[in-house]
Amino acid sequence: MTTTERFGAAKELYAKLGVDAEKAVETLKNIPISMHCWQGDDVTGFDHEGPLTGGIQTTGNYPGKARTPEELMADIDKVLSLVPGKHKLNLHANYAIFEDGEFADRDALEPKHFRKWVEFAKERGMGLDFNPTIFSHDMVKDNLSLSHPDKEVRDFWIRHCQACIRISQYFAEELGQPCVMNIWIPDGYKDIPADRMAPRARFKDSLDQILSIPYDKEKVLVCLESKVFGIGMESYTVGSSEFTINYAASRGILPLMDNGHYHPTEVVSDKISSMLLFFDQIALHVTRPVRWDSDHVVLFDDETKEIAKEIVRNNALDRVKFGLDFFDASINRIAAWTIGMRNFQKALLYALLSPNEKLAALQEEGRLTEVLMLQEEVKTYPFGDVWDYFCESNGVPVREDWYEEVKKYEDEVLSKRG
């Protein structure tokens, strides 16, 4: 049977559950995932030399890492050729591209330093998202930035984040779609702090100053990301979940939940419905923690499926802004990107093919045995045939065929990098 014939048979089976597979495929085609640029070069960027610092760590030394903007853009193009649909690109501020020997420190960044990224996105019909880079810099002192006792340190990072808001608005205006701008800080203490309140009060004041500049809130969607702990801040994190949610709610910005930034017994999928009751929009970073916030490649696993289900069954595809966030240097970076992107799309498709309305009605009627039965039976429906059709109809390789393209790219391009 051809891919189309298998899809036709699958469509009939799903129709018996009240699920329109054609509609699911068409919906998925128009859901942009924000693809993180930092998988391609291990979060190094182009504005500094030396190792990552500030609670960030990439492990592995697989050959072929992107060393220049041109190499990174070529790698991104390769991934996009293997992933169905139209997507966005998520940039960090340390990916500024300086021309003609110019350099600007992070508090002096301007839209012109990202002109080449805008040109890249325009040519591909993509939007851009953005992140201040508050790590791997001398002005992160004692693992503190926007909460540091030294006003000079705080002011530097306030100026950086304000610059990033202006750059984000430039992206939105040039590309005709909102830019999600996410703030995350590495601030915290390795051991038990003597004062938990003062750093958070300083962080709150710094954020208020950042948001005090004029910007178009329809074009720039400022987010604040929480974390439970990290390297060098094992005992106390300034930007905790409680802090970021309360701040976002009180200031009219978006909370961002990274599913690696919570205690291992917590799951973001369970939090989404609560957040949607109180926020018009929320943002997610989808990753895979292994024992801690280790940013492993996203899998088509239970939690990824549950995150997608919560978005879809709450009709929140237009209210949840999601991007990926992982960086694995131990395997081929193009493959890592492709696996993660395709897996989150699979999770969204799996959710779109679920009989969500039927299951919700059964739950409301108290028919919980039927809920469990149907949830389990759907797992063996021919989801893979719908996914294959989606890939083929979008002109990308079906199943594992994409990996042949990656191996060829590694032989012809990656292997020739120093």
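Buried means under 20% relative accessible area, exposed over 50% and partly exposed in between (1.4 Å probe, protein chains only). This is a predicted model: local features need pLDDT of at least 70, side-chain atom pairs count only at pLDDT 80 or more, and totals for chains, interfaces and linings use all residues. Residues are numbered from 1 along each chain as its sequence is written, and side-chain values use heavy atoms, with hydrogens and water left out.

View A. Helices (H or I, at least four residues) and strands (E, at least two) are DSSP runs, numbered from the N terminus. A salt bridge is a side-chain nitrogen of Lys or Arg within 4 Å of a carboxyl oxygen of Asp or Glu. Glutamate 310 makes one with arginine 313; their closest N and O atoms are 2.7 Å apart. Both lie in helix α9 (residues 302-313), and because they are three residues apart, about one helical turn separates them. An α-helix has 3.6 residues a turn, so residues three or four places apart point the same way. Glutamate 310 counts as buried, at 13% relative accessibility. Arginine 313 is partly exposed, at 34%.

**View B. Two further salt bridges.** The structure holds 34 salt bridges. Arginine 251 pairs with aspartate 208, with 2.8 Å between the closest N and O atoms. This pair links distant parts of the chain: arginine 251 sits in helix α7 (residues 241-251) and aspartate 208 in helix α6 (residues 197-211), 43 residues apart. Both partners are partly exposed, arginine 251 at 31% and aspartate 208 at 28% relative accessibility. Glutamate 123 and arginine 124 also meet through their side chains (3.1 Å, N to O). Glutamate 123 is exposed at 64%, whereas arginine 124 is partly exposed at 22%.

View C. Strand β2 (residues 88-92) pairs with β3 in the parallel sense, over four bridges. Two strands pair if DSSP finds at least two bridges between them. Histidine 92 stands opposite asparagine 131 of β3. With helix α4 (residues 115-124), the two strands make a right-handed β-α-β unit. Right-handed here means that, with the strands pointing away from the viewer, the path from the first strand over the helix to the second runs clockwise. Strand β3 (residues 128-131) is covered on both faces: Leu128 and Phe130 are buried on one side, Asp129 and Asn131 on the other.

**View D. Nonpolar cores.** A nonpolar core is a set of buried Ala, Val, Leu, Ile, Met, Phe, Trp, Tyr and Cys residues joined through side-chain atoms within 4.5 Å. The largest has 131 residues, and Trp117, Phe130, Phe171 and Leu284 have the most contacts inside it. Another core, of six residues, lies apart from it; Val180, Leu221, Cys223 and Leu254 are among them. Leucine 284 touches residues including Leu256, Met257, Ile307 and Phe322, leaving aside those up to four places away in sequence. Contact means heavy atoms within 4.5 Å.

**View E. Helix α13 and its surroundings.** Eight of the 11 residues of α13 (residues 383-393) are buried, so the helix is largely enclosed by the rest of the structure. Among them are Phe383, Trp387, Tyr389 and Phe390. The buried residues pack against α1 (3-16), α2 (21-29) and α10 (333-352). Glycine 395 follows α13 and has a positive phi, near 75°.
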